[in-house]
Amino acid sequence: MNRPVDETAGLSANERIKARSRLLRGSILEGLKDPLTGAIAEEDTQLTKFHGTYQQDDRDLRQERLAQKLEPLYSFMIRVRVPGGVCTPRQWLELDRLATRHANGTLRLTTRQAFQFHGVLKRNLRDTIYRINQSLLDTLAACGDVNRNVMCGVVPERSDLHAQAYGATVAIADRLLPQTGAYHEIWLGRQRLAGGEPEREPLYGETYLPRKFKIAVAVPPRNDVDVYANDLGFIAIEDGTGGLAGFNVCVGGGLGRTHGEEETYPRLADVIGFCRPDRVADLAQQVVTIQRDYGDRQNRKRARFKYTIDDRGLDWFREELQRRLGWKLDEARACHFDQSGDDYGWVQGRDGLWYGTLFIENGRVADRPDYPLMTGLRRVVEALEKRGRGELRLTGNQNLCIAALSDADRQMVEALLSEHGIMADRSGASALRRASMACVALPTCGLAMAEAERYLPHLVSRLDEIMAASGLSDDPIVVRMTGCPNGCGRPYLGEVGLVGKSPGHYQLWLGASPQGDRLNQLYRESLDEEELLAILTPLIRRYAVERHPQERFGDFVVRVGIVDNPMAFEI
Amino acid sequence: MTANPLTADQASQLQALTRTWDARQLLWASGFLAGQAARPSDDRAIAGPEVTLLYLSQSGNSEKLIRTLARRLTDEGCVTKVFDALDYRKARLKQARYLLIAASTHGEGDPPDAAAEFYDYLMDDRAPRFAALKFAVLALGDSSYAQFCKIGRDLDARLEQLGAQRLVPLQECDLDFDQPAAAWMDQVTDMLAGSADNAVAVIPVRDVAATSYSRSRPFAAELHTDLVLSGRGSTKEVHHVELSLEGSGIAYRPGDSIGVIPRNDPALVAGIIDAIGASQAVTVPVGEDSVTLAEALASRFELHPLTRPVVQGFADLAGDDHLRSLLAPENSTGLNAFLRGRDLLDLLTDCPLPGLDPAALVGILRKLPARLYSIASGPSANPGEVHLTVAAVRYRNNERDRVGTATGWLADRVAVGDSVPVYLDENPNFRLPADPDTPIIMVGPGTGVAPFRAFIEEREAVGAAGRSWLFFGDRHFTTDFLYQREWQGFLRSGALTRMDVAFSRDQADRVYVQHRLLERAAEIYAWLEEGACFYVCGDANAMAPDVDRTLRAILRKEGGFSEQAAGDYLEGLKRGKRYQRDVY
Ligand code: SRM
Ligand SMILES: Cc1cc2nc3c(=O)[nH]c(=O)nc-3n(C[C@H](O)[C@H](O)[C@H](O)COP(=O)(O)OP(=O)(O)OC[C@H]3O[C@@H](n4cnc5c(N)ncnc54)[C@H](O)[C@@H]3O)c2cc1C
Ligand SMILES: Cc1cc2nc3c(=O)[nH]c(=O)nc-3n(C[C@H](O)[C@H](O)[C@H](O)COP(=O)(O)O)c2cc1C
Ligand code: SF4
């Protein structure tokens, strides 16, 4: 039931751009060829997102270049779609090469298990995307009003379940991929066949979804994908024998909000039932079509699926879904998550192979003078590639798992890592640092209001001192920072959430659960670093003294009532 | 005041006659009339000799001097006819009795663009004889070039060879040509005025135009803005400089240049004083004056780059045979290699002369010449201001960081609010077409783009309807696209019709403006056929000759011309002022 778009109904600007784009073509090709600017046409910047690339500019240089009579230093962020975060050593090496050749020399592992390149100049954009495709990865639908990269828990210790969950992940991802030929024409130089079948976008229609759509598959006991933050979530449920029975299904998660707009808010997904593994792709497809047909196409700020659910109710949704599916969901099964973060170091899976999880601070794979991370990983992956062993799994927390290694492989990897000073065990960074993450923010993100990735490491060092002074050096606190309220680093699921308001100033949110099933609450509206530390220091001291055994900071602040009534603390 | 002695009729005749005269003309006429009044009444007929004056000029210096001379000779009663060498046929040289030439040298010893044909005509074996002709040549040049004043020298020698009789010896001028040129004019004027039986006497009345600024009398322009156009990470450092001309009365036109009178790097000055072990305060003669050594080196003489005459003088002072051998005429490549990247301090370091008499040292130096910069602003769009696009010269040699004299001074030592001594250097050979509907093609890579900013601003300001097409190039798109946002704006507004760019180092193969021209051959040819003017500004060594060759290739390819015909086509364009170059 693809409702025709009512042309007169005050649609949002993006809807009109999509409608006249000829299935996402617009004038992208022409814009790529214009040698006088590093940018593409304004409207096309909305369309390239569907192709996995964003026009950005170096915000550090914006003012300076304006004065220099130069246009902003435009470049493109490219997001590589990696379902479940799983890629081969060969693919890693190709992306690594492209990062140096065409991007800013770094690879960014994202909060949704994807890779990002930053700083790709327009003239290198086609070549980069072309080569990504040559490596059998792609960028199609990595961004845009479509289903995004489908996440899958890494769960090294449950290698058996991972295989099945990953199978479901790929099935869903494949089912929901757009069909437009535009991608192939623009980036892969493929000609459109004359006189062939008229091109169609059978699932999405020519205006695609009202907004982005996100799906994750979690494998308990680990919620490393923050499954409840997704529009649609699947939680793997074991059968009695250790195999996969199916998935609990949850809907309506999403974190994005806008400062000062009450009608936007983070929301966690509700569990609505259980489904068999062979039905997940059908189910995902029908959920997507419901959002396609009922999502808000007039107000982009309220176009996410979570608002469709809240506006129409969960019961309406369940009915509509079951109607479209032609079958009913089963009762949801009991399940339990013990944490949302990653565990670092080596773990042996049920398959007997080794899994090593590395902490990658804020997901940035780069060489720094004192820390040759990118080079070190390149050596490791080259060695794996040569032996034809192992795979790489990006985690939902911007980290990296080197997966499926024999004893001998593991030894070799460990030796290479330590040669480059990279720690595969728990030593090195503090527990708090290893549990924290930040979104990209400045200088590339056009929406950032404050620093995040570049600033959090410093702030964490200061928090480390406070933790050490309270004897908490070994205790993790999930600290999540973003440069704006969109929530890319999932700050509303941080025990401590820091959300950028203006340069140097952050909202402080407190009290999410460390398992990712309770949102935090706004505690302070706008704090600079000193104000923030002045507030956190006594809280951490008190936590050190008053906490119950094993009690986490996020639970503590709720138990003792610090965020009981958030509105009372509004400044 | 005395009563008016004129009849009403005479008074109205006088008024009718002088109504359109400007102040300078009126003042001259007053002097002329006063001179008439001082003469015996029967002797009023003007009967000076007829003199032909010819200039071979690229950037207007020779032209200006010839026009000045022509005015003086007219004052002396001569009948003068001034010609651009471009129009030498009209000048009918074979009939001429007196021929005065000012000729500059360009390229690597080449004649100015517009004078190539005349030069070739005269130097050719088939050149006619000029037995009845009396001539004098003023040669303009720059002694930092190997072929110093070559064109003037050639013409002087050739005219004698062709039987003409030299009035006064060849005068060679370096960049500071004012004094030698004035001296030569004095000589010439004496000879010609002397040859006239009935010269007119003119009583000089002070010229109002004398308030105009010149190289020897520069205007102190306040620096308003200095910003670096090159983006971060650029290998270049190009400055956009805005100077105030408020109160100067300087009125420039697009295509003109500004002369900047710089000061030398104080570190270099100190190094030199140190090297000869002199005191800062010791005074040395500079022309008629005497100034401290420190000031003489800071503002009067050129210290960077090194030029042949300085090496010559130094070799003599030092009695250095190695230097002398470099100066041998057959060793010009060796000398050029030696000069490159060297300054006076290098000379003193290579060949120390401690205790050298400071006066002897300054005696061998060349006067500090002004540096020229193409004006990058349109006068209508920027009243009271002039903008320059200045590429800072910086390099390292012999373990010492070097800066260009003028560019280093502007970039490092002149602050906003300071004043920069400047004068206007008009360039009549680099002008927008008189007809605003005429299409223009502009080729200006690097700082060569500067005058085209002036062109486009001016065309926009006057609402010119002609199409315009700019070819720009530099090293890197992201950092070296000079005035990028402005071009984008001009393209949006329609003030600029088309733009093509070549960034040489953004891909494996080097791509330059001439490659872009060739890619657009058919359209370039069509524009030329439709009457477009073609302008080239910037690098004289590689770019301008490459563009010239490319134009010929385009004409062969698109117009089916032979090599010879393509050359003639371009000569025709030059003669019609439709192929103009300002290269350096
Ligand atoms: C790279 C990444 C953050 C990171 O540090 O890893 C990221 C980066 C950006 N996000 Fe995000 N988002 C990323 C995960 C998220 C998440 C977390 C998640 O999905 O688990 C969220 C919150 C969950 C959600 O969607 O509700 C998130 C919510 C947003 C929003 C707000 C959406 C909303 O509903 O309000 C925007 C803005 C928008 O869409 O208009 C946004 C937009 C952006 C953009 C593309 C900015 C833009 O639109 O111009 C950011 C690019 C910055 C840069 O320079 O790279 N991003 N973004 C994550 C990439 C994920 C991926 O591989 O696909
Ligand atoms: C008509 C005309 C218009 C001009 N317009 C412009 C303009 O618009 N913009 C502009 O920037 N310039 C322009 N120029 C050039 C300008 O006049 C100066 O020549 C230039 O700025 C250098 O002056 P300077 O005093 O800084 O350097 P100088 O002190 O004169 O030094 C220049 C010399 O340094 C040496 N040198 C430079 N680089 C190196 C190196 N890497 N290694 C070794 N030796 C080196 C060379 O011998 C060079 O000749 C124009 C010139 C003319 C004639
Ligand atoms: C690109 C260029 C090349 C030059 N080449 C020479 C040369 O080879 N020999 C020389 O004596 N002067 C050379 N000069 C200096 C000019 O002759 C000198 O600036 C002269 O004053 C210009 O006079 P004009 O304005 O009448 O053309 C050159 C100047 C430029 C800008
Ligand atoms: S949270 Fe905001 S600042 Fe951070 S990456 Fe997302 S959009 Fe940019």
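Reply:
**The ligand 2 site**

An oxygen atom of ligand 2 sits 2.7 Å from a backbone N or O atom of B:Ala406. This is a polar contact, that is, a pair of N or O atoms within 3.5 Å; within protein, one must be able to donate a hydrogen and the other to accept it, and residues adjacent in sequence count only if both atoms are side-chain atoms. For B:Thr389, a polar backbone atom lies 2.7 Å from a nitrogen atom of ligand 2. B:Ser374 likewise uses a backbone N or O atom, 3.2 Å from a nitrogen atom of the ligand. Ligand 2 exposes 970 Å² when taken alone, and the protein buries 75% of this area (accessible areas come from the Shrake-Rupley method with a 1.4 Å probe; for residues, only the protein chains shown count as cover).

The model is predicted, so local features need pLDDT of at least 70 and side-chain atom pairs pLDDT 80 or more, whereas totals for chains, interfaces and linings use all residues; side-chain values use heavy atoms, with hydrogens and water left out. Residues are numbered from 1 along each chain as its sequence is written, while chains are lettered from A and ligands numbered from 1 in the order in which they are written.

The shell around ligand 2 has 20 residues, each with a heavy atom within 4 Å of the ligand. Those that come nearest are B:Arg371, B:Leu372, B:Thr389, B:Ala406 and B:Thr407. By class, 9 residues of this shell are nonpolar, 8 polar and 3 charged (Ala, Val, Leu, Ile, Met, Phe, Trp, Tyr, Cys and Pro are nonpolar, Asp, Glu, Lys and Arg charged, and the others, Gly among them, polar).

Three elements of chain B each supply at least two residues of the shell: strand E12 (371–374), strand E13 (385–391) and helix H15. Here helices (H or I, at least four residues) and strands (E, at least two) are DSSP runs numbered from the N terminus. E12(B) gives the most, with 4 residues.

H15 of chain B spans residues 405–413 and is mostly covered, with 7 of its 9 residues buried. Buried means under 20% relative accessible area, exposed over 50%, and partly exposed in between (1.4 Å probe, protein chains only). The buried residues are B:Thr405, B:Ala406, B:Thr407, B:Gly408, B:Trp409, B:Leu410 and B:Ala411. B:Glu399 counts as exposed, at 72% relative accessibility.

**Other ligands**

Ligand 3 also has its nearest residues in chain B. Around it are 23 residues, of which B:Ser57, B:Gln58, B:Ser59, B:Ser62 and B:Thr105 are the closest. Oxygen atoms of the ligand lie 2.6 Å from a polar side-chain atom of B:Ser57 and 2.5 Å from an N or O atom in the side chain of B:Ser59. A polar backbone atom of B:Gly109 is 3.0 Å from an oxygen atom of ligand 3. Of the 640 Å² that ligand 3 exposes when taken alone, the protein buries 93%. Its shell has 8 nonpolar, 13 polar and 2 charged residues.

In chain A, the iron atom of ligand 1 has A:Cys488 (SG), at 2.2 Å, as its only protein donor. Donors are N, O and S atoms within 2.8 Å of the metal (3.2 Å for Na, K and Ca); water is not among the atoms, so sites may look incomplete. A:Cys488 is placed in the loop between strand E19 (479–482) and strand E20 (496–502) of chain A. A:Cys488 also belongs to the residues surrounding ligand 4, among them A:Cys439, A:Cys445 and A:Cys484. The ligand 4 shell divides into 8 nonpolar, 4 polar and no charged residues.

**Two cis peptide bonds**

A:Leu442 and A:Pro443 are joined by a cis peptide bond with omega about 5°. A:Pro443 is in the loop between strand E18 (437–438) and helix H15 (456–469) of chain A. In chain B, the bond from B:His304 to B:Pro305 is cis, omega being near -5°. B:Pro305 falls in the loop between helix H9 (293–300) and helix H10 (308–318).
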